[in-house]
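Let's take a walk through this structure, one spot at a time. Keep the 3D view open and follow along.

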Amino acid sequence: MDIFKKVTKVVNRYVTMLENILLTISGVFLISMLLTVCIGVGSRAIFNNSILWTNELASYLMLGTVFLAAPWVLRKNAHIIVDIFTYKLKGKSLRFNTILVSIIAGVACAIYFWFSFNITLNHYNNGTVNMGSFPWPRFALYIPMVIGFFFLIVRFLVMIITNLFGIQEKIEEEDPLEQVNNLLQ
Amino acid sequence: GGNEDEANGSENSNDGNENVAAENANNENENENENANEPANDGETYTLSVVLSLDEDNPQMLSFPIFTEIVEAESDGRIQIDYVGGPEAIPPFTQGEAVQNGTVDMGWVAGSYYADVVPEVLGLSFSQLEYEEEVERGSIEYISRFHEEKMNTKAIGRAGKGNFALHVGKDIEVNSTADFEGLDIRGTANYVPVIEAVGANAIALEAGEIYSSLERGLIDGYAWTNYALPELGAQEITGSQIMPYFNEADQMILANLDVWNDLPEDLQEIITNAAIDAYLESRDMVEEILAEERIEMEEAGVQYVELEDADRFEELVEENSWAWLAERVDNIEEMEEYFKQ
Amino acid sequence: MEWYTIILLFFVLLIFFVLIGVPIAFAFITVNIILSTIFIGFSSGAMNLVNSAFSSMTSFSITPIPLFILMGEVLFHSGLVLKMLDVISKLLGKLPSRLSILANITGTMFAALSGSAVANAAMLGSALTPEMLRRGYHIKMIIGPILAAGSLAIIIPPSTVTILLGSVGQISVGDLLIAGILPGLMITVMFLIYYIFLGVKNPSLAPRYEIDNSTWKERIRLLIQYVLPAVLLIGTVLGLIFFGIATPTESAAIGALGSIILPMFYGRFNKKMIQNSVLGTLKISSMILLILAASAGFSQLLAFSGATRGLISVVLALDIPSIVTIIFMLLVILLLGTFIEPMSIVMITIPLFVPVVAVLGYDLVWFGIIALICLSIGNVTPPFGMLLFTIKGVIPSSVTLKEVYKSVINVVVIQMIAVIILILFPEIVTWLPSLRAN
Ligand code: NA
Ligand code: NA
């Protein structure tokens with residue numbers, strides 16, 4: 001049992017680290033999105049030419065921002081929950097509820113993951129390219145969704161295991177950017 | 001060259017039919033296929049769900065109720081058409097994939113919405129032929145091959161008649177091709193070569209965003225069919241419709257290939273013919289709608305402007321449309337034989 | 001299946017998963033999978049759902065959301081907002097119900113800088129509550145204005161819920177944002193009148209106190225230094241949308257960029273501030289937009305299954321005045337508001353309601369704004385109200401729940417009166433957007 005706890009702890013630490021890397025990329029996407037739209041405005045105002053790809057790039061960056069940050073938001077317990085029936089739960093019944101909810105949501109995410117993965121693969125194999133103003137490779141646009149759903153599944157799994165075996169897992173809440181910095185050094 | 005390819009086309013379509021027969025033989029009862037030429041009434045009823053890319057009452061969708069009536073009557077009720085909805089039920093840009101993966105059995109879908117998967121479909125937009133001629137040459141069958149290979153759908157026929165037109169806002173005057181220089185014009189893939197040819201910038205917006213974008217001056221004009229303007233609320237914001245009109249509407253009737261192959265051959269034939277008849281019947285109505293709409297629009301202050309250098313515009317359209325397509329498909333000569341005069 | 005059976009199935013399933021504690025976004029995708037399996041088939045249905053999620057997330061109408069959130073976050077984390085509160089407090093001088101009015105006015109200003117009701121209420125609550133309690137203010141005079149400030153954030157642009165409502169209901173986002181200005185100001189004035197009236201009628205509710213009287217010269221200097229730049233930023237963002245110079249997305253980007261540049265002039269720009277703002281933005285945006293991505297499939301399935309058309313045809317056949325139908329829809333929003341938060345209600349009801357409103361011939365922008373006020377009412381009604389939770393977090397625990405609920409009643413009543421006024425005088429909503437059109 002001791003070894004099991006240790007393994008869970010290590011796995012949890014690595015999953016957390018990966019989530020933080022995704023979060024950092026998500027932050028970079030957010031800032032890039034801001035700059036992209038500003039470049040679009042600037043080029044329209046100053047040079048009077050429309051940069052057609054900026055609108056599209058901004059929305060694809062937003063898609064990336066949302067899905068890459070989603071696993072971290074789940075870890076932070078910040079997804080909106082209506083807890084008028086569940087807020088009183090404590091101890092065993094709380095653990096049971098968490099496991100039940102994680103199984104339901106985890107299975108749903110797994111289905112979304114599997115099909116978004118397949119769609120991405122199809123677009124990759126067919127070499128689908130957007131026909132609009134800029135030839136975006138379609139498969140690349142779907143990747144953040146695939147990654148996001150994958151790490152949501154992983155986080156739900158960690159939640160199921162830690163609650164199932166009553167592992168009190170407190171992750172030291174490191175500054176995610178610091179952690180990525182340390183990792184890079 | 002035209003004749004040779006006509007032959008190719010019909011050969012290929014025969015191949016297609018043989019494949020259908022072979023598959024049916026494997027899957028279902030063999031009796032049906034042994035008498036493939038007789039109406040094989042297996043007594044089964046087929047319900048086909050349909051999605052439309054525009055609202056049901058949009059004139060561009062005119063052929064749908066006609067098609068439904070013909071099919072249900074001709075098949076003695078063996079085919080039932082089940083309309084599941086328009087853009088609110090499936091996002092327009094994903095409707096091609098919805099037919100592909102079997103979410104719906106059929107769709108009245110704009111080719112440019114899925115042209116990134118099957119760029120060949122834009123040949124129908126740049127076509128210089130009347131529909132009768134296309135049917136004769138087997139152009140639709142030819143285009144369907146790419147639909148079958150690349151997106152598991154059967155292209156049954158054109159969904160409706162229409163030409164395209166460029167439109168500009170109230171404060172903008174366009175009298176010659178040169179006046180388009182630098183304007184921002186809304187247009188999806190099928191319009192891009194023309195918009196770029198006249199020196200304007202193409203901006204891809206959904207149909208639903210045209211009104212508010214033009215109203216705010218974010219775009220100077222928009223490309224659209226030369227009719228079905230009131231459905232955009234266009235009479236309030238449009239200064240003029242610019243002529244000559246160009247290219248062909250790209251609304252297609254698609255069916256999921258598996259669903260199509262499961263249909264007995266006589267029903268396939270009924271559907272194919274109904275699609276042609278519905279197109280021809282709605283084509284005459286489009287002329288009327290266009291005339292009536294023009295009166296309505298002119299009363300609302302919209303002008304109909306013929307370009308001074310109309311010849312040059314038409315030249316640009318032809319050259320650029322096909323040159324643009326040539327960069328996106330592998331078989332441009334073959335395509336030209338099916339769609340050029 | 002009859003359309004009402006289908007609608008019932010949709011909502012019973014959704015509410016079941018929501019109530020057992022599945023986060024809203026995941027409850028939506030769970031229900032989507034079940035329903036699309038029923039109406040479409042498992043694998044083609046699931047592929048369709050993934051494409052819907054992708055398609056809704058790449059829609060250009062929602063790209064302003066993270067940018068507006070970023071703008072609000074930077075202004076809060078840089079401390080500029082607190083500084084403004086301080087300055088406006090100095091400007092107010094001696095007034096009856098002084099601190100309540102301060103909360104109200106700054107609440108309105110911050111509502112125009114931020115799209116988040118919770119952020120607005122939390123910031124004002126934690127900044128002003130200690131001072132209000134110290135000055136012997138009655139709890140009614142504390143909770144009311146802070147809840148009001150939170151509610152205004154939804155109505156006064158920029159507002160995340162407004163953008164979502166426009167995007168889900170396919171109503172012009174620019175028109176909706178602009179249309180929120182007058183009703184928002186109207187509600188502010190109603191609150192102001194109410195709290196001044198309370199303070200005058202019963203001074204013990206809001207005891208007057210001596211304040212440091214700064215000179216007018218000093219006040220004007222502070223005004224120009226700390227309030228004017230923010231007002232200019234708001235004016236720029238709204239002006240760009242109003243005059244059609246930029247799309248809501250572009251205005252939001254300009255606003256966000258402005259909010260990042262602004263702290264540089266006050267020496268408040270640093271790495272920590274930017275990092276906290278970005279993290280805050282990521283948290284809220286991801287949470288909100290994941291729900292949007294998940295619920296897109298839900299509303300499309302409602303249409304696909306025939307439920308939407310069934311409902312519309314029945315409503316049209318009903319022999320009741322159409323305004324009764326509208327009021328019924330608003331009551332549904334209010335009822336759901338007692339236990340679900342505003343964004344999810346938008347996702348659940350708007351796809352069903354807006355087609356009906358359109359067929360009945362009402363102005364969609366008008367309906368949207370009234371729906372927004374009803375949503376912001378839901379935010380403060382027990383048992384579940386994001387703003388209630390926020391308030392509980394910032395007031396001392398000695399305050400009883402009964403007292404809190406009593407203060408909530410005032411806020412609800414005033415906003416209900418606003419709804420009635422807007423139903424009687426729709427021009428208050430439609431006038432500004434109509435100016436835009438010309
Ligand atoms: Na706001
Ligand atoms: Na509530």
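Helices (H or I, at least four residues) and strands (E, at least two) are DSSP runs here, numbered from the N terminus. What you're looking at is a predicted model, where local features need pLDDT of at least 70, side-chain atom pairs count only at pLDDT 80 or more, and totals for chains, interfaces and linings use all residues. Residues are numbered from 1 along each chain as its sequence is written, chains are lettered from A and ligands numbered from 1 in the order in which they are written, and side-chain values use heavy atoms, with hydrogens and water left out.

Start in chain C, with helix 17 (residues 342-360). This helix has a kink of about 50° at C:Ile350, shortly before the proline C:Pro351; the bend at a residue is the angle between axes fitted to the seven residues ending there and the seven starting there. Buried means under 20% relative accessible area, exposed over 50%, and partly exposed in between (1.4 Å probe, protein chains only). Because 15 of its 19 residues are buried, helix 17 of chain C is largely enclosed by the rest of the structure.

On chain B's side, strand 2 (79-85) and helix 4 (95-100) each supply at least two of the residues that touch chain C. Strand 2 of chain B gives the largest share of that side, three residues.

Next, find B:Gln241 in strand 9 (residues 238-246) of chain B. Is this residue buried or exposed? B:Gln241 has 0% relative accessibility, so it counts as buried. Its side chain makes a polar contact of 2.9 Å with that of B:His167. (A polar contact is a pair of N or O atoms within 3.5 Å; within protein, one must be able to donate a hydrogen and the other to accept it, and residues adjacent in sequence count only if both atoms are side-chain atoms.)

Finish at B:Arg328, in the loop between helix 12 (310-326) and helix 13 (332-339) of chain B. B:Arg328 is partly exposed, at 31% relative accessible area. A polar atom of its side chain lies 2.9 Å from the backbone oxygen of B:Trp324.
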